[in-house]
Amino acid sequence: MIIKLSVVIITFNEEKNIERCITSVKNIADDIVVVDSFSKDNTRKICNELGVRFIEHAFEGHIQQKNFAITQAKYEHVFSIDADEAIDKTLEKEILNAKQNWNCDGYSMNRLTNYCGHWVRHCGWYPDVKFRLWDSTKGKWAGINPHDEFMMIKGSKTNHLKGDILHYSYNSLEDHYKQIEYFTSISAKAYHEKGIKSNILKICLNPIHKFVRDYIFKLGILDGVTGFRISRISAYATYLKYKKLHALNKNTLNLEV
C-alpha cells in the first residue's frame, strides 16, 4: 500500500529553526502544514517563502495544539516534527520505504539531541524514542503538558525505524534556564490541575534522585562536562517544578503560562 503523507509542525517564534526543519522533510512530504500561534518574528515569512501551508491558531497547550494540527493535515497519514528538529538521511530513507510499503498503524524512531554544539548520547537523552509517524485515525496526542505523547488505540500494530530525529535543543546555558523556567511552570500547573501533590520531601529528594539517575545510572558521566551540566540543570528543573507545585497546592502562587 502506497500512502500520501502530511508533515505537521507547530511553531511560535521559530525563525532560527523552521527553514532547517522544513528543508529536511521536503523529500518525504506530500503536504506540509505549519500551525503557528501568532509568531512575532519572521516565522510566517520563511514558511511562505518555502511554499508550505501556514495556519494561525491560538495556543491552548502543546497537546491541544498538536491535536488541532492533525485536523489541518490533507492526508490521514501524518509525520509530526517540532520546529527545532530535522530528520537525518537514514530516517528519510526509512520513511520513504514505509510510504511505499505501509504495513503498520504507526512507527517510532530515535531522537538525538544537540546541546550547545554537543550530541548527547547518555543522560537518559538517547535513544529518546519518539512515536511520530502514524495513521491519524488510530490515536491522538495525550500526556501532561508540556510533555506530549501520541497514544495509539489498543491493538494497533507498530514498528521502529532506523535513523534519528535530530533535535537542536539549546544554543546556550541561558536558553536552557529560560526553557526550564517556562516548562516547569507548565508542568506544575498541569500537575496541580490533575490533583498531584508536592511536599518538602519531594522538593528535597526528587532532584537528588534525578541527578544520580542521569549522571551515574544513565551514564551522563560519559558525556563529560556536558553530561554533568545537563544532569545538574535537570535536577534543578525537578526541584523548581515541585517547588512551584507546592506553592500552587498552598495557593501561594499564581502561574500565568
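Biologist: Which residues lie nearest the centre of the second largest pocket?

Modeller: This is a predicted model, where local features need pLDDT of at least 70, side-chain atom pairs need 80 or more, and totals for chains, interfaces and linings use all residues. Residues are numbered from 1 along each chain as its sequence is written, and side-chain values use heavy atoms, without hydrogens or water. On a 1 Å grid over the protein atoms alone, a pocket is an open set of points with protein on both sides within 12 Å along at least five of seven lines; a cavity is a set where a 1.4 Å probe fits but cannot get out; lining residues have an atom within 4 Å of a point. The pocket has 16 lining residues, and nearest its centre are E60, G61, Q64, N145 and I186.

Biologist: Which element gives the largest share of that lining?

Modeller: Helices (H or I, at least four residues) and strands (E, at least two) are DSSP runs, numbered from the N terminus. At least two lining residues each come from α3, β9 (139-144) and α5 (173-193). The largest share is five residues, from α5.

Biologist: What is the volume of the largest cavity?

Modeller: Grid points are joined across faces, edges and corners, and a volume is the space filled by probe spheres set on the points. One cavity of 30 Å³ or more is counted. The volume of the largest cavity is about 40 Å³.

Biologist: Is L201 buried or exposed?

Modeller: L201 sits in helix α6 (residues 200-217). Buried means under 20% relative accessible area, exposed over 50%, and partly exposed in between (1.4 Å probe, protein chains only). With a relative accessible area of 60%, L201 is exposed.
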